[in-house]
Amino acid sequence: MEMFYYLVFGGLGAVVAAIELSKTNKDRINTTSNFNSFKNNYLLVYSLMMAGDWLQGPYVYFLYKTYGYDKGEIGQLFIAGFGSSMLFGTIVGSLADKQGRKRACVIYCITYILSCFTKHSPQYKVLMIGRVLGGIATSLLFSSFESWLVAEHNKRGFEQQWLSITFSKAVFLGNGLVAILAGLFGNLLVDSFSLGPVAPFDAAACFLAIGMAVILSSWTENFGDPSENKDLITQFRGAAVAIASDEKIALLGAIQSLFEGSMYTFVFLWTPALSPNDEDIPHGFIFATFMLASMLGSSFASRLMARATPKVESYMQIVFLVSSASLMLPIVTTFLVAPSNVKGGSITFAGCIQLLGFCTFEACVGIFWPSIMKMRSQYIPEEARSTIMNFFRIPLNIFVCVVLYNVDAFPITVMFGMCSIFLFVASVLQRRLLVIADKPKTQDWAMKERDSEADPLNI
């Protein structure tokens, strides 16, 4: 069975190479040297930020276990992280529109570096503070950098279509190649050099510090709405009005929450799904395989977005349906494949089928990220971009907290079934978004904009 892992990894690698090498002029967008310089600078920073994030991921649970904490205590730490992202992260992330996106990106670096430093202490309270800081940093990572990029891209007068190049490359590098290299580097530090489970966090802090230096030296500041007469409550109210008044924004938020909620749930479920009887599976190698599948998806997405058709709103329906079907496989295999009662050993035949399905899901994740980024750049108003993006993460974080709290309460097949249903609903909502995509803003929202222009003091 060990050969199976190499075949899957090699097959995915060959497909990624084939897609990249077979790109024609139709699959590429002609740009300028100024844009390429801007894009490469952002990709460097984003890759360093993602390296700081990916280095920590595989070792958080292991570190807490090394310090002697049980599953329940570790679960509370994880819930604190997602809860912090929902509460404090939403507030801090929303300030980026008013205080500046570059400043918010620097705060991300500082916050995450401090979170890394807390991992040196075995004290539960210190680790809890680290999780709270990490939750805030996560909200900033997934809102401030994208908000800065879109605003700076438009400010410099680059073509709107060129954004898709940066988005797809960012996912290909940051969520694919960097993730694989970070996993290998972390394994080198912990196992080969025997530096202990804290070493990846120290390395992450170094990458974050380098990225912060690049931001401070080469980025310019941009804002959403820098007006001084708007406090945080007013910002939140404005974002809520935008979501409620524009069906496209509301649909986009629902779609994002449904998909990302299923994705984060999958992160907790794939290990017990592939080793229900404590089968010996190579976690690190499987993780690298998933990231390679994500690279395949982002590479495919770059070809799709380089063409006028199909539209993003159109092909994402299929992506959500395929991802829904792929997460149904653990349920299907329980009925079609006889379960094994042997403890330990290699991965089972059912596990092999599920692994292929999980790789398909990860490929869908690779398509999802640049595609949702492009749709957000089209539909979310610039003046409240970071605020609205953090609003989208509130239901996501609530969902993940509920799942974590009840992870042992339901059979794993129920959890996968729930995720599959969510993804199917996302496909239905995506269909609705396609139907109304070309419609102008709702009359009510347009009237509110005209009223604000006519009477600026009427907030």
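User: Which residues are linked in a network of salt bridges?
Analyst: Asp97, Arg101, Glu382 and Arg385. A salt bridge here is a side-chain nitrogen of Lys or Arg within 4 Å of a carboxyl oxygen of Asp or Glu. This is a predicted model: local features need pLDDT of at least 70, side-chain atom pairs count only at pLDDT 80 or more, and totals for chains, interfaces and linings use all residues. Residues are numbered from 1 along each chain as its sequence is written, and side-chain values use heavy atoms, with hydrogens and water left out.

User: How many salt bridges does the structure hold?
Analyst: Eight.

User: How far apart are the closest N and O atoms of Arg101 and Glu382?
Analyst: 2.8 Å, in a salt bridge. The pair links distant parts of the chain, 281 residues apart. Arg101 is in helix H5 (residues 101–118), and Glu382 is in the loop between H15 and helix H16 (385–405). Helices (H or I, at least four residues) and strands (E, at least two) are DSSP runs, numbered from the N terminus.

User: Is Arg101 buried or exposed?
Analyst: Buried, with a relative accessible area of 0%. Glu382 is partly exposed, at 22%. Buried means under 20% relative accessible area, exposed over 50%, and partly exposed in between (1.4 Å probe, protein chains only).

User: What about Glu146, which residue does its side chain meet in a salt bridge?
Analyst: Arg376, at 2.4 Å, N to O. Glu146 lies in helix H7 (residues 144–155) and Arg376 in helix H15, so the pair ties together parts that are 230 residues apart in sequence. Glu146 counts as buried at 5% relative accessibility. Arg376 is buried too, at 3%.

User: And Arg156, which side chain does it meet?
Analyst: Glu152, in a salt bridge of 3.2 Å, N to O. Arg156 counts as partly exposed at 40% relative accessibility, whereas Glu152 counts as buried at 2%.

User: Switching to the core. How many residues has the largest nonpolar one?
Analyst: The largest nonpolar core has 143 residues. Those with the most contacts inside it are Met49, Tyr108, Phe145, Phe290, Met316, Phe358 and Ile388. Helix H15 (residues 349–379) gives the most to this core, with 14 residues. By nonpolar core I mean a set of buried Ala, Val, Leu, Ile, Met, Phe, Trp, Tyr and Cys residues joined through side-chain atoms within 4.5 Å.

User: What does Tyr108 touch?
Analyst: Met49, Asp53, Ala137, Leu140, Leu141, Phe145 and Leu208, not counting residues up to four places away in sequence. Contact means heavy atoms within 4.5 Å.

User: Where is Thr265?
Analyst: In helix H11 (residues 247–274). Thr265 is buried, with a relative accessible area of 1%. Leaving out residues up to four places away in sequence, Thr265 touches Phe399, Val403 and Cys419.

User: What lies 2.7 Å from a polar atom of its side chain?
Analyst: For Thr265, the backbone oxygen of Gly261.

User: Now the surface. Which residues make the nonpolar patch?
Analyst: Leu321, Ile421, Phe424, Val425 and Val428 make a nonpolar surface patch of about 430 Å². Patches are made of residues with over 30% relative accessible area and no salt bridge: like charges are joined within 9 Å, nonpolar side chains (Val, Leu, Ile, Met, Phe, Trp, Tyr) within 5 Å. Accessible areas come from the Shrake-Rupley method with a 1.4 Å probe; for residues, only the protein chains shown count as cover.

User: Which helix gives the most to the patch?
Analyst: Helix H17 (residues 412–436), with four residues. Leu321 sits in helix H13 (residues 312–326) and counts as partly exposed at 40% relative accessibility.

User: Lys39 next. Buried or exposed?
Analyst: Lys39 counts as buried, at 13% relative accessibility. Lys39 lies in helix H2 (residues 33–54). Lys39 touches Ile165 and Thr166, not counting residues up to four places away in sequence.

Notes
Polar contact = N/O pair within 3.5 Å; in protein donor to acceptor, adjacent residues only side chain to side chain.
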